[in-house]
Amino acid sequence: MRKNRMLGVAVLALALATGMTVNTVKADTNSTITTQSQENNANQNITPVDAAADANKITLSSDYINAVKNFANGNGSASDVENKAQGLFNQYTTEDNSSQGKRPRKVIYHDVDADKQEVVNDYKHLTDGQAKELSNFTASIINNLRSQFGSKQVYVTDDSVKLAKDDVDQAYVSKNWNVWEVNAAGDGIDNKSHNSAELRNFQKSKQLMGYSENISMGPNVFLYTTNGQTGKRTAQIYSTAQGTVTMNDLKKWAFDGIIRMLFDDSASNWGHATNFLVDMDSSVKNTPVKYREVWGVASDQNGFFHYLGYGVPDKDTIPEDEVYLGVDGVSLVDYPTYGVSFKTRTKAQTQAAATTTQAAAPKATVAKKTTAKKVVKKTAKKTTKKSKKSTKKAKKSKKHAKKAKKSKK
């Protein structure tokens, strides 16, 4: 069984999805994600079906589904998944005879005219509206896949999109962390993968029941050229985002990443594919509180796309006579924050604890005041003693001066 959600990074070069996956921690969060009840009241259809997603549906074969399920459960092999994925990869890609041969195969994408009319001024810094539309598009793709796979859906809210943006801003943009960059010699690409330390720092400032991240290159590809005379190879990360960029381009790039991470992920041991297809049930367990997975997609300073899933508690699953405490001991009954380390406590116990805390507060204040008085008194005493010592020393010096003067005479 998969005990942790994974961080997956896909290197989309030469039609390969190479990279690494690392286990995440079940993070802590202070996010403002809307509660289950608020979401239901505000919008019954939280993640609307996107027209582009409808035009680019992916159909999984039963053989592929079974291979991934067996692999995720520890009963199958990576080679079996690879065998079942190869035909699907060929089905959703075609030979690429353009773009200077940067990729042997190109993902097939069906354009949407309306998306072509929507200009994106800066694909590295998406507006809130653009980020939400891209999140809705990818969530629609993922939900269609999960319906076939038999796993739980993901949901997009304004707050989940903001959480994804804040996550990427802190872990990548503010630290100028390049997931991929040209190496010092200039002849290859370094795969730095996830900024795991900063991701965990961000997660610890929040309270999540589950977490996952996949990364694709967005519009970027690796380009290698060789000098005919010297034979020296030069590497560069080349952006295909030439001229006016539209929403159609954003969705095409995001779809490209999804296809490659689903069906060409052997180098990453199928960590990306399982991230997309397998829900968080294996991570979020042994707790009476159920979760829902909210979703957001954000771009970083290089235009790489981060696909982020967050497990948040479903408030409706908390028993009426109980509350749950997060890692900081704060009651989650009203969900001001979301908790990861759930401990059951009855409302009566919670009230008793609150009363004890309130009763202890005045005593703590008195003790604090008493301590402060002692400090002031002690300081004053030291100052007086020091002053007396200085006066005595001055008198002694004066006496010596008089004696010396008399002796001189």
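Me: What makes the side chains of Lys175 and Glu198 a salt bridge?

Reply: Their N to O distance is 3.7 Å. The cut-off is a side-chain nitrogen of Lys or Arg within 4 Å of a carboxyl oxygen of Asp or Glu, so the pair qualifies. The model is predicted: local features need pLDDT of at least 70, side-chain atom pairs count only at pLDDT 80 or more, and totals for chains, interfaces and linings use all residues. Residues are numbered from 1 along each chain as its sequence is written, and side-chain values use heavy atoms, with hydrogens and water left out.

Me: Why is the pair of Lys175 and Glu198 said to tie parts together?

Reply: Lys175 is in the loop between α7 (158-173) and β8, whereas Glu198 is in helix α8 (residues 196-204), so the bridge ties together parts that are 23 residues apart in sequence. Helices (H or I, at least four residues) and strands (E, at least two) are DSSP runs, numbered from the N terminus.

Me: What makes Asp111 and Lys116 a salt bridge, and where do they stand in accessibility?

Reply: The N to O distance of Asp111 and Lys116 is 3.7 Å, which is within the cut-off. Asp111, at 35%, counts as partly exposed. Lys116, at 38%, counts as partly exposed too.

Me: How do you know that Arg260 and Asp256 form a salt bridge, and why are they called buried?

Reply: The closest N and O atoms of Arg260 and Asp256 are 2.8 Å apart, again within the cut-off. Both residues lie in helix α9 (residues 247-263), four residues apart, about one turn of the helix. Arg260 has a relative accessible area of 0%, so it is buried. Asp256 has 9%, so it is buried too. Elsewhere, salt bridges that share partners join Asp50, Asp115, Glu133 and Lys251 into one network. The whole structure has 13 salt bridges.

Me: Why is the aromatic pair of Trp180 and Phe304 called edge-to-face?

Reply: The search of the whole structure finds nine aromatic pairs. Trp180 and Phe304 are 4.8 Å centre to centre, with 85° between the planes. Rings of Phe, Tyr and Trp (its six-membered ring) pair if their centres lie within 6.5 Å; planes under 30 degrees apart count as stacked, over 60 as edge-to-face and the rest as tilted. The pair therefore falls in the edge-to-face class. Trp180 is in strand β8 (residues 180-182) and Phe304 in the loop between β13 (291-299) and β14 (305-313), 124 residues apart. Both Trp180 and Phe304 are buried.

Me: How do you know that β13 and β14 pair, and what makes β14 mostly covered?

Reply: Two strands pair if DSSP finds at least two bridges between them. β13 and β14 have nine, in the antiparallel sense, and Ser299 has Phe305 as its bridge partner in β14. These strands form a hairpin with five residues between them, where Gly303 in the turn has a positive phi of about 85°. Strand β10 (residues 210-216) also pairs with β14, in the antiparallel sense over seven bridges, and Glu213 stands opposite Leu308. As for cover, nine of the nine residues of β14 are buried. Phe305, Tyr307, Gly309, Gly311 and Pro313 are on one side, and His306, Leu308, Tyr310 and Val312 on the other.

Definitions and conventions
Buried means under 20% relative accessible area, exposed over 50%, partly exposed in between (1.4 Å probe, protein chains only).
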